[in-house]
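Me: Hi! I have a two-chain model open and would like to talk it through. Could you help me find my way around?

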Amino acid sequence: MAVLSSLPGPSGTTDQAPAHRSGRWLERRFARRPARLGAAARANVWGVLLALGVVAALLASEGSEGFGRDEAQYMRAGERYWGWFEELGRNLGDGRPGASFSAANIDHYWSDNAPDHPVVMKILYGLSWRAFHRCTCMGPARWLHPIPVRGRHRTLPLFLRESTAFRFPAILMSGLLAWLVFAFARRFVPTPAALAGAVLAIAQPHYFFHAPIACFDAPITTMAFAVGFAYWKSLSSPRWGWLTGLVFGVALGVKHNAWLMPIFLFGHHLWMRRGDLLRLRLPPVPLAFVSMALLGPAVFFLHWPWLWHHPIDRARTYVNRHLQHEHYNFEYLGRNWNLPPTDLDLKLLRVTFPVVSTALTVPVTTLALAAIGAAVLARRKRSRRHQGPGALEAQPGVAARAPGDWRRPGAGVDPALGAFLAVQTLGPLAVLSLPSTPIFGGVKHFMPAMPYLAVLAAIGLAALGAQALRGARQLRAGAGTLRALPVGLAVLVTLPGIAETRRSLPDGLSHYNLLAGGFAGGASLGMNRQFWAYCVLPMLGWVNARGPENQRMYWHDVLGDALSMYKREGRLAMSVGDTGFGEPGVEASAMGLIVYEKHWALYEKFVWEHYGTLRPTYVRTREGVPLVTAYERPR
Amino acid sequence: MLGVAGIAVLAIVETVAALLAPGRAPTDADWRAAAAAVRAEFRVGDLIVAAPAWADPLLRLHLGDLIPIPVAARMDDARYGRVWEIGQRGAHVVGPGVDTTAAGTPPRIAVEARFGALTVRRIERPAAEVTFDFLERWTEATVTEVTSGRSGGAAPCPWLGDRFACPGGGPTVHRELVEVDTRIRRALLAPPPHAPGGRLIVAFPAVPLGRELVVAAGLHDVWARKLATGQARLEVFVGDVRVGDVEIGNRSGWRLLTFDTSRLAVTDPVVFPALAPALAGNASRPPATLPVRFEISSTRPELRHLAFAAEARR
């Protein structure tokens with residue numbers, strides 16, 4: 001614990017030891033505001049560079065990731081929603097815009113993928129597709145679009161593939177996340193550590209897999225961080241109190257995880273204002289919560305046309321859809337989980353799922369840094385307690401024991417960064433620990449915890465950086481060394497995440513970390529290998545080469561929407577067929593594939609029975625681990 | 001500085017591992033070489049397995065022509081005296097230390113050779129001698145549905161060419177590939193009757209018993225296991241003596257049960273007095289040939305697709 005002993009002491013203005021000895025970098029950062037425009041501008045430059053780097057990395061790699069069941073549906077829905085806007089434009093031109101707002105017309109377009117998910121991201125996907133795709137829409141793929149193609153689209157053809165245009169908004173959201181993590185972390189740690197924290201938030205194989213695809217899990221991760229950041233700023237800013245509600249409303253429009261965010265934030269608020277509770281007085285209800293309660297649902301309602309004509313009924317339908325969501329199959333520690341466990345031993349095992357999955361998927365160096373960061377914050381808390389009660393309230397520029405102000409609920413108290421990061425990190429994990437919660441999405445369902453974990457890692461890195469600087473000074477290192485040391489350390493700790501993420505592409509779902517032993521280790525541990533058939537893209541060339549048998553192709557878990565998109569992009573021959581799902585699909589097929597998931601053994605049995613062979617003709621692997629097994633019916 | 005050094009070492013190790021690990025995976029050439037080595041010495045009746053088991057699709061890709069479906073979907077490994085194992089990363093599924101099927105003489109490694117990242121081993125061990133394979137001779141069975149109550153009785157389930165079908169839309173019994181515990185098995189699919197108090201009886205009139213009777217059972221179909229929660233009961237009778245029973249539920253997996261029939265085989269009317277009449281005349285000529293029957297029932301029979309296999313072994 002030599003590291004911790006030299007790390008920051010308590011927050012406060014009554015320093016009793018020289019700052020350089022007590023290492024109060026964290027405390028100074030806590031209270032700091034950028035003093036000079038130059039510093040703020042430099043930070044923004046770093047933020048922009050980070051965001052651009054993330055966007056570039058995702059654009060460079062997204063084309064290797066196939067389309068899963070969900071993404072293909074969201075692309076279809078996004079294009080259909082665009083159809084509504086397109087028609088609205090025509091109706092405006094015809095002077096009858098009201099026609100677009102009739103219940104029937106709204107349902108015609110907006111019932112797609114309802115009540116499953118609200119539409120902020122799907123609208124963006126549709127708009128981005130319409131604006132940026134390279135139109136080959138009048139060719140043979142014309143009939144594969146979910147809305148009529150009336151003519152060649154005039155676009156700004158930024159992207160070669162339609163799917164990239166669909167995915168672009170999600171990619172931008174990941175770039176935004178990197179910027180936000182940096183901006184938040186920079187409030188507490190030096191720039192190199194904040195930059196590293198932002199990189200560590202992105203350089204996680206499972207996050208990076210989800211980041212570019214046209215789904216909601218990476219965007220809601222960005223929004224979870226944005227809501228948390230806005231709330232944090234609202235502790236001292238009424239303006240941000242109002243803005244928090246708006247940001248929260250957008251988050252509600254991205255994915256239903258957002259409804260849980262106020263619970264986590266309320267937990268932090270209670271902890272931060274626990275002094276009020278101990279004095280038997282009610283803490284103020286923060287403006288941010290009022291704003292979230294008022295603006296959140298309002299934005300949610302306004303953004304989703306499907307709700308407009310039947311707000312109560314359909315809101316109820318939406319809520320019930322997620323409260324009663326079915327449990328899909330998911331492999332965890334060698335078991336196939338598809339129901340809430342009822343036996344105690346399985347309940348206990350089930351509870352471990354998010355923590356174990358995190359421990360086996362996030363790069364180990366990131367985890368270690370986050371653990372150090374958590375220890376730093378915990379020690380800071382303990383140290384303050386040892387200083388006596390007065391230290392708790394002592395904050396720069398704030399009168400001691402100032403009563404809470406609902407517009408500035410952080411006034412007069414320690415804002416409790418540790419508690420904030422704890423609820424934001426552990427909250428999503430805790431929700432997914434409930435035995436009654438489906439686990440089919442794996443890591444993606446608690447991904448909103450990961451940026452906060454990265455902030456913890458940044459704090460841990462800053463602590464180590466301070467330690468390294470002290471050691472270097474003792475060794476009388478030169479000024480250049482002292483400047484380079486934090487930067488070098490920051491670069492070093494980001495390498496594992498970058499290397500692991502690079503290694504995982506395009507099969508991030510199958511990747512496990514050093515503790516697990518990589519792809520093979522994860523398979524041996526019985527961890528989930530993949531889901532929803534993202535993994536067939538590298539096999540399409542093999543399929544294309546197998547005509548005419550491929551006209552009777554059994555696609556197993558690859559849905560028709562994904563096949564349509566592959567064909568629209570020319571990655572799958574138009575002549576390739578689809579014999580449908582289940583045993584009838586196998587029976588009618590001449591060739592087929594089985595995507596490996598534990599529960600799909602039943603469908604491989606159908607292949608063995610109907611083809612009369614167990615010998616595949618192609619097995620797609622990653623590092624020796626089978627992901628897809630393809631069969632051809634013997635002639 | 002210990003913390004700084006620790007993190008630096010961890011970061012370097014993790015980075016290097018991420019860069020080097022992909023190169024440690026078995027290549028296609030490794031698999032082809034290993035497969036060639038197995039082919040060169042393969043004998044009909046050998047078993048070929050992959051270690052870890054998740055490499056099985058690759059094993060079947062390269063050696064699937066040597067693995068008949070009944071072998072891949074086998075009840076267990078006990079009858080195989082020569083087992084080829086193609087392993088990687090130090091994993092083993094048979095051989096010294098992990099082999100649980102061989103009694104008496106421990107298994108020995110007869111051949112071991114490396115092919116890149118793969119290791120081929122041939123394990124030799126005493127093989128179980130099967131005196132009666134219920135699955136192979138399932139058509140010799142008689143199937144009866146027994147119901148209780150006023151209209152109850154025993155209704156024979158006639159042979160329909162590919163299965164036994166009980167009258168009135170009752171259960172059918174047939175051999176099939178099944179999926180139990182997310183693995184493909186070959187088994188008799190014999191679901192419990194839906195009639196209250198009903199039992200499905202699958203009876204084999206003359207089974208040459210040996211040292212043990214091994215029965216494996218489980219519930220077929222992952223979706224049925226998701227949708228239903230009832231238990232199926234499987235009772236095993238030799239003659240009129242119930243030698244054992246088991247409740248099979250969603251968590252049972254492919255449940256392997258071993259009943260000691262050594263004393264039945266040499267006949268012991270003291271232990272099994274009820275068998276004395278049936279055993280008369282067999283005492284000096286083990287194994288005894290006796291009727292064996294399986295009775296399947298359930299109080300909640302919906303979607304309980306009981307699948308079982310059995311072997312009598314010397």
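This is a predicted model: local features need pLDDT of at least 70, side-chain atom pairs count only at pLDDT 80 or more; totals for chains, interfaces and linings use all residues.

Me: I noticed Phe308(B) in your list. What is Phe308(B) in contact with, leaving aside its neighbours within four places in sequence?
Reply: Its partners are Ala187(B), Leu188(B), Ala190(B), Val215(B), Ala216(B), Ala217(B), Leu234(B) and Phe294(B).

Me: Which strands does S12(B) pair with?
Reply: One is S15(B), residues 255-260, joined in the antiparallel sense over six bridges. There, Ala217(B) stands opposite Arg255(B). S17(B) is also antiparallel to S12(B), with eight bridges joining them. In that pairing Leu219(B) faces Leu306(B).

Me: And S10(B), is that strand mostly covered or mostly open?
Reply: Mostly covered: S10(B), residues 183-189, has five of its seven residues buried. S10(B) pairs with S17(B), residues 306-313, in the antiparallel sense over two bridges, and Leu189(B) stands opposite Ala307(B) there.

Me: What about S9(B) and S10(B), how do they pair?
Reply: S9(B), residues 172-180, and S10(B) are antiparallel, with seven bridges. Glu179(B) has Ile184(B) as its bridge partner. The two strands form a hairpin with two residues between them, and Asp181(B) in the turn has a positive phi of about 55°.

Me: Still in chain B, what is the strand order in the open sheet of six strands?
Reply: The order is S7-S6-S11-S16-S13-S14, with antiparallel pairing. S7(B), residues 153-156, and S14(B), residues 241-248, are the edge strands, and each pairs on one side only. Neighbouring strands are turned by 20° against each other on average, direction ignored.

Me: How many bridges join S6(B) to S7(B)?
Reply: Four, and the two strands run antiparallel. S6(B) covers residues 142-147, and Thr147(B) stands opposite Gly153(B) of S7(B).

Me: Switching to chain A. How many helices and strands does it have?
Reply: Chain A has 29 helices and six strands. Its C-alpha trace spans about 85 × 60 × 55 Å along the principal axes. Of the 635 residues of chain A, 52% count as buried.

Me: What does the radius of gyration say about chain A?
Reply: A compact globule with 635 residues would have a radius of gyration near 26 Å, and chain A has 26 Å, which agrees. Among contacts between residues at least 6 apart in sequence, 77% join residues at least 24 apart.

Me: Which strands make up the open sheet of four strands in chain A?
Reply: Its order is S3-S4-S6-S5, with mixed pairing. S3(A), residues 553-554, and S5(A) are at the edges with a single partner strand each, so one side of each is left without a neighbour in the sheet. S3(A) and S4(A), residues 591-595, pair in the parallel sense over two bridges. Tyr554(A) has Gly592(A) as its bridge partner in S4(A).

Me: What lies across S4 and S6 of chain A?
Reply: H29(A) does, running at about 155° to S4(A). Chain B takes part too: its helix H3, residues 56-63, packs on the sheet and touches S5 and S6 of chain A. The direction of H3(B) makes about 140° with that of S5(A).

Me: Good lead to the interface. How many residues does each chain give to the contact?
Reply: Chain A gives 45 residues and chain B gives 39. On the side of chain A, the elements giving two or more residues include H20(A), H23(A), H29(A), S5(A) and S6(A). The largest share, seven residues, comes from H24(A). By class, that side has 26 nonpolar, eleven polar and eight charged residues.

Notes:
Residues are numbered from 1 along each chain as its sequence is written. Chains are lettered from A and ligands numbered from 1 in the order in which they are written. Two residues are in contact if their C-beta atoms, placed from the backbone, lie within 7 Å. Ala, Val, Leu, Ile, Met, Phe, Trp, Tyr, Cys and Pro count as nonpolar, Asp, Glu, Lys and Arg as charged, and the others, Gly among them, as polar. The radius of gyration is taken over C-alpha atoms; the globule rule is 2.2 Å times the number of residues to the power 0.38. A residue is buried if 20 or more other C-beta atoms lie within 10 Å of its own, exposed if 12 or fewer, and partly exposed in between; C-beta atoms are placed from the backbone. Two strands pair if DSSP finds at least two bridges between them. Axes are lines fitted to C-alpha atoms, for helices over the stretch in contact, and angles run from 0 to 180 degrees between N-to-C directions.
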